Amino acid sequence: MPDIVNGQPNWPRYFLLAHAAELAIRSVLVFAKANASTRAVGKEPGDHDLSGLYEYACKLGLKSNPQVLSELSYISDIHENHAARYPKAPGQVWLASEFDDAVGHLLTDTWEHIRIV
């Protein structure tokens, strides 16, 4: 999907990218809850806080990835304030394709975590 459509951010692309990241992270949280040997590590962060959810998942054993750590906050901001679902004139917007690799790493890491543990 292109990053820009008719001179505007391609909001469905941002939504899908952020939602893929959220589902990947939540798969680790669901897996941890189902795994009796995993202990809770504090209160789970609120909905749509991708950065907080990722840090929480890492505390539950997900391998931390430097690229995901450095880039997830940008996607998290767009996801948390629902800009991709309800577009409005945001401040600065980065091209969604800049985060493809980070979300790809996240998907791979969460799959490996669930499959191996």
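Modeller: Start with the salt bridge between aspartate 100 and arginine 13, at 2.9 Å from N to O. The term salt bridge means a side-chain nitrogen of Lys or Arg within 4 Å of a carboxyl oxygen of Asp or Glu. Aspartate 100 belongs to helix α4 (residues 100–116) and arginine 13 to helix α1, so this pair ties together parts 87 residues apart in sequence. Helices here are DSSP runs of H or I with at least four residues; strands are runs of E with at least two; both are numbered from the N terminus.

A word on the ground rules. This is a predicted model, in which local features need pLDDT of at least 70 and side-chain atom pairs count only at pLDDT 80 or more, while totals for chains, interfaces and linings use all residues. Residues are numbered from 1 along each chain as its sequence is written, and side-chain values use heavy atoms, without hydrogens or water.

Now the solvent side of that pair. Arginine 13 has 11% relative accessibility, so it counts as buried. Aspartate 100 is partly exposed, because its relative accessible area is 31%. The cut-offs are under 20% relative accessible area for buried and over 50% for exposed, with partly exposed in between (1.4 Å probe, protein chains only).

Arginine 13 has another partner. It forms a salt bridge with aspartate 3, with the closest N and O atoms 3.5 Å apart. That pair links distant parts of the chain: aspartate 3 sits in the segment before β1 (4–5), 10 residues from arginine 13 in helix α1. Aspartate 3 is buried, like arginine 13.

Stay in helix α1, which spans residues 11–34. Tryptophan 11 and tyrosine 14 both lie there, 3 residues apart, or about one turn of the helix. Both are buried. Rings of Phe, Tyr and Trp (its six-membered ring) pair if their centres lie within 6.5 Å; planes under 30 degrees apart count as stacked, over 60 as edge-to-face and the rest as tilted. By this rule there are 2 aromatic pairs. One of them is tryptophan 11 with tyrosine 14, tilted, at 5.2 Å centre to centre and 45° between the planes.

Lysine 33 is also in helix α1. It bridges to glutamate 44, the closest N and O atoms being 3.3 Å apart. Glutamate 44 is in the loop between α1 and α2 (50–59), so the pair ties together parts 11 residues apart in sequence. Lysine 33 has 64% relative accessibility, so it counts as exposed. Glutamate 44, at 25%, counts as partly exposed. Salt bridges with shared partners join Glu22, Arg26, Lys33, Glu44 and Asp47 into one network. The whole structure has 7 salt bridges.
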